[in-house]
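Come along while I look up a few things, one entry at a time.

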Amino acid sequence: VYAFPALLPFARATRRRDWPTLRRLFAELPADLDPTWAVQAAADVKGAERFLAELVDTERESVLPRLLLGTRHIYLAWEARTGARAYAVSRQQATLFHEHLERAERFLGGVTSDDPGNVGAWTERIAAARGLGFGYEEARRRYDMAAKAFPNPLLAQRQMLQTYCPKWGGTFELVHSFARDCADAAPAGAANAALVADGHFEQAAEMRYVSEQMAFLTREPLLRDLSDAAGRSVEHPAFSPQQPGATWARGTFEWVFRYSGQYDRAMVQFTANGTRIGGPWTGYADPGAARSAQRNFCRSRAGKR
Amino acid sequence: MIRYAEVDGVPVLLSPAPGPIRAGLSFRVGFADETLATHGITHLVEHLALHRHGVTDYHVNGATGETMTHFLVAGDGSEVVDYMLGLCAALGDLPLSRLDAEKEILRVEASNKSMSPLHNMPLWRHGARDFGLSSYAELGLRRITADDVAAWSRQRFTRQNAVLWLTSDEIPAGLKLDLPDGRPMPLVTASSALPATPAYYPGPQNYVAAEMLVERSVAASAYAHLLQRILHRKLRQEAGLSYAVEAGYATRDRDTARVLAFADMMPEASGTVTNGFIKVLRELADGDIAEPDLAAAVKQYQDHIRKEDRDAGRLPGLAFDHLIGRPYRSAEETGAALDAMTAADVHAVAAAAMQTALVMAPQGRRLEPLGLEPAPSQSRFAVRGTSYRSRLDPDVRVVVADDGVSTTSTFGAATVLFDECALLIRFPDGGRRLIGPDGITVSIEPGVYGIKPAVIERIDAAVGPAATVTMAERGADHIPTATMAGRVRGHRARLAHAWLRARARWDVAQFARDRRPRTRLRRIGRYLLVYLIIITCMSYAPRYPVLVVPLFGTLAYLLRDLVRRRRR
């Protein structure tokens, strides 16, 4: 989120507990920007829940405080759960995780009832449905509502893709077909096509050894898939680095190109992203170190073959 | 067959039927016209008006419904006339001296009425107002005065709000309806406590039910018949899990009807039956309608409307329609409309109905996976003011502010604002219960929250007497207080949760630590330290037995580390 400088004021306003500014910023959001980005930026502030809970009680007419507080609880839920695999999550963590999600669900459910076109609330509700184990059909209903409110909602699509993963009870067939549908529906040069790469990353991440991952990612149909997706997004001339999903899209392609042995193409993405970290790297214990190690590796291999 | 006439400015609906004449004088007034603070007043008028008919040779009765109040009689022509004359006289001059006695009778009637499992449904859909009031006890009786009753009767039981119906060819000779004049009262508009539908609310473990709102039409009626048929087949005949499976259609107002479907089950089958029940609703809404089912349902419906004295049987309903200005439709017209109806029409009704559904599902069963939103059981916000912590559950607080009161807990807030409070229930011991228009209730028990009488008085003053009822003294064992056992339980729960949070935080820290890349040097340093402690403890333990504690601590640490490393 922080890779997109236009969102910094949102986090700053929450940190300063400045409701008038927050409200103004949301009112001034450009129509072509998915408001979920701003919602996440404003909610991803440590300790903001106290301020937001106060706002919910005092600003009774606005759905925004409830939306932000609900989103904050989604963050708190995952903070309690961590990104660990399910077996490594303790009973206490799971209890806390569910408590936060229940609260998030309550606030966000209220928002979507009052304002069924609130793409931010629907997007966060996909994550809540996933965490609470409602199944991907309910998550899909929520995604459809988000997509109805805002065309090609990248953040909702990313949430939905996660929900389709086997670790949350889906299958990779669902993941890939969903990613392909999203890529096809999005305009050329949009970041959405990177979902295809994200789907393959998710599948590769299930594998234990790098050799296995590379063998998987270098299969011919998959390489074609990746090339198509890259051609529609990061490698398309209309791809704008100013769009909020750009860092994530490039980061994803950095990873899949690296592990499919396309070091030249990976290097192009590494260079374009500069020091910004996005995509699969954020899942590493030390994202910066992991990314720069792989970038150096790619640099040493690029141009040779 | 129906014939219209008029007596003293009151419309009369006539439709012959065999047997004694059944007649009814019906007024366009019911619970839905009341407020929670006057709830019961119509019923009270009905009882007072019938008081003088207490002992008669013929059969008389009264019924107060949602939107209509009926005074019923069965007998020959002269008995009907006798009844109507007496009734009109009573309505003009209610025996108000009987007020307290009739109130008591109503209270007995209410206490002996069996509670339907669905009695809360109107409350969930409409809140504590208009159509939702039928979920509530007639609490208004405790504050209604003789003046209130007289004013209500003058306003509502008038010539302009009345209609007479008879199962007879002609009006009995000598019939006069000497009612006071007034103005026609419009039907109340139904309010909603559901921000989003389809929704569900928690009910008992052995019932599942759904109420849907449909536009009044033959297709909607056919939909109800179809629903009944399919539910009966799937849940009773095929699955064998339900005994009573019903679906019915009932008009609510001029254009809206309710379709209510219902199934019972054993608590252990609640999951299967609930899912099966909702699946049927969904399939119909998705247009999955089998032709033979529909044909059978239509035939059943056709048989029903072709019955000889159908109109006589539904005279009260026709009287209602007449009062609210909905045109009469004969059996032939209905039959023709039914013949013209297609499966697509029923599908359209089913799809629209599903969008308005309110489902009662067994408590604890979540229906989000089926696309249903929980009906709100909490307020959107809490008021900000002085808060009083419960002595029984330290997470629960009552907040008293200038504009309202709230109870807050980890589960959310319940708020009632003073200026929209539907009813304040006062107990002489200081307990208060505030009911908001959405049905949200805030209970204030001074014994539990330690609230001073001055604060209670402030709440009383803020709500005002117009929305306040005072209850009878509660028995000592009905007054919630903070017992020692309760306090201990509360604090133990709080401690358990604090422990849970601490444990979770520790686990999160462990996860972060485990993922941190460790250098070999640091690991060697750690082991050196551990072994140093072990050796020191072992060598000095004989002299200082207390050193056994760190010894076992470090050993446990080593063991744990070993297990962790193997798992990784």
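How many residues of chain A are in contact with how many residues of chain B? I note first that I am working with a predicted model. In it, 35 residues of chain A are in contact with 28 residues of chain B.

**Entry 1: where the chains meet**

I looked up the area next. The two chains bury about 2,700 Å² between them, and 51% of that lies on carbon and sulfur atoms.

Then I turned to the polar side of things. Between chain A and chain B I found 12 residue pairs in polar contact, both residues being at pLDDT 80 or more. The count of salt bridges between the chains is six. I picked out the one that Glu102(A) forms with Arg366(B), where the closest N and O atoms are 2.9 Å apart.

Which helices of chain A supply at least two residues each to the side that touches chain B? I wrote down H4 (48-58), H5 (64-81), H6 (91-114), H7 (119-131) and H8 (136-149). The largest share, 12 residues, comes from H6(A). Sorted by class, this side of chain A has nine nonpolar, 10 polar and 16 charged residues.

**Entry 2: strand E6 of chain B**

Is strand E6 (residues 162-166) of chain B enclosed or open? Five of its five residues are buried, so the strand is largely enclosed by the rest of the structure.

I also checked which way the residues point. Ala162(B), Leu164(B) and Leu166(B) point one way from E6(B), while Val163(B) and Trp165(B) point the other way, and all are buried. This reminded me of a rule: in a regular strand, side chains alternate between the two faces of the sheet.

For the neighbours, I found that strand E2 (residues 10-14) of chain B pairs with E6(B) in the parallel sense over three bridges. Here Val12(B) has Leu164(B) as its bridge partner. Strand E3 (residues 21-27) of chain B runs antiparallel to E6(B), joined by five bridges. In that pairing I noted Phe27(B), whose bridge partner in E6(B) is Ala162(B).

**Entry 3: strand E11 of chain B**

Strand E11 (residues 358-362) of chain B is mostly covered, with five of its five residues buried. Strand E7 (residues 199-203) of chain B pairs with E11(B) in the parallel sense over five bridges, and strand E8 (residues 207-215) of chain B is joined to E11(B) by three bridges, running antiparallel.

Which residue of E11(B) is the bridge partner of Tyr201(B)? I found Met360(B). Ala209(B) stands opposite Met360(B) as well.

How values were computed. Residues numbered from 1 in each chain as written. Chains lettered and ligands numbered in written order. Predicted model: local features only at pLDDT ≥ 70, side-chain atom pairs only at ≥ 80, totals over all residues. Heavy atoms only, no water. Buried < 20%, exposed > 50% of the residue type's maximum accessible area, 1.4 Å probe, protein only. Helix = DSSP H or I, 4+ residues; strand = E, 2+ residues; numbered from the N terminus. Pairing = 2+ DSSP bridges. Contact = heavy atoms within 4.5 Å. Buried area = accessible area lost by both parts, 1.4 Å probe. Salt bridge = Lys/Arg side-chain N within 4 Å of Asp/Glu carboxyl O. Polar contact = N/O pair within 3.5 Å; in protein donor to acceptor, adjacent residues only side chain to side chain. Nonpolar A, V, L, I, M, F, W, Y, C, P; charged D, E, K, R; others polar.
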